[in-house]
Amino acid sequence: MEDVKQSLPPVVRSVVVPLPPADAFLLFTRDMEEWWPLDTFSVAADSHGGALRATGLVFEQRCGGRIAERLSDGSEAEWGRVLVWDPPSHVAFSWKPTLEAGPFTRVDVTFTETSRGSRVELVHSGWAAHGAAAAGLRHGYSKGWVAVLDRFRAGACG
């Protein structure tokens, strides 16, 4: 059973956006709250039964910087920390895939120039640390990142 969990491949998703890599990088990081679907992909949406709502995001642009959701009661829920900060080509961060205490996963995002703008590739790895829940978490994020990157693409298109 352990071999199966450790062999779970990363979730890999990509989109092409009509922006040069530097602009795509800034939109994905500094301006994340402009495009992230907080109404459906947030701690508030997942856990507070309507009592709280997400009001914004914090993405500190540096290694060690926090990625956190701002909540309507003034608190913040941390999603992860910046692990690699290499503008405009690569950002990586730890990612909290559940609301329970437990291990973080890792998300790497690369930005590559294309003839149509930038190819943005997201690789979400580190599932094995979640033991028996790993396959289910990976499956959910496999679908979730499609919706999130669709919103990113829409934000990049204006």
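Arg62 is partly exposed in this predicted model, with a relative accessible area of 43%. Its side chain meets that of Glu60 in a salt bridge, at 3.1 Å from N to O. Let's look at the charged pairs, and then at the sheet and its helices.

**Salt bridges**
- How many salt bridges does the structure hold? There are 10 salt bridges.
- Glu78 and Arg81 form one of them, and their closest N and O atoms are 3.1 Å apart.
- Glu78 counts as partly exposed at 34% relative accessibility, and Arg81 is partly exposed with a relative accessible area of 34%.
- Glu60, Arg62, Arg66 and Glu76 belong to one network, joined by salt bridges that share partners.
- In the salt bridge between Asp31 and Arg30, the closest N and O atoms lie 3.0 Å apart.
- Asp31 is buried, with a relative accessible area of 15%, whereas Arg30 is partly exposed at 45%.

**The sheet**
- Seven strands form an open sheet with antiparallel pairing, in the order β1-β7-β6-β5-β4-β3-β2.
- Which strands sit at the edges? They are β1 (11-17) and β2 (54-59), and each pairs on one side only.
- On average, neighbouring strands of this sheet are turned by 20 degrees against each other, direction ignored.
- Strands β6 (residues 105-114) and β7 (residues 117-125) run antiparallel and are joined by nine bridges.
- Asp108 has Val123 in β7 as its bridge partner.

**Helices on the sheet**
- Helix α2 (residues 21-28) lies across β1, β4, β5, β6 and β7, and runs at about 150 degrees to β6.
- Helix α5 (residues 134-156) packs on the sheet and touches β1, β5, β6 and β7.
- The direction of helix α5 makes about 10 degrees with that of β1.

How values were computed
Residues are numbered from 1 along each chain as its sequence is written. This is a predicted model: local features need pLDDT of at least 70, side-chain atom pairs count only at pLDDT 80 or more; totals for chains, interfaces and linings use all residues. Side-chain values use heavy atoms; hydrogens and water are left out. Two strands pair if DSSP finds at least two bridges between them. Helices (H or I, at least four residues) and strands (E, at least two) are DSSP runs, numbered from the N terminus. Axes are lines fitted to C-alpha atoms, for helices over the stretch in contact, and angles run from 0 to 180 degrees between N-to-C directions. Contact means heavy atoms within 4.5 Å. A salt bridge is a side-chain nitrogen of Lys or Arg within 4 Å of a carboxyl oxygen of Asp or Glu. Buried means under 20% relative accessible area, exposed over 50%, partly exposed in between (1.4 Å probe, protein chains only).
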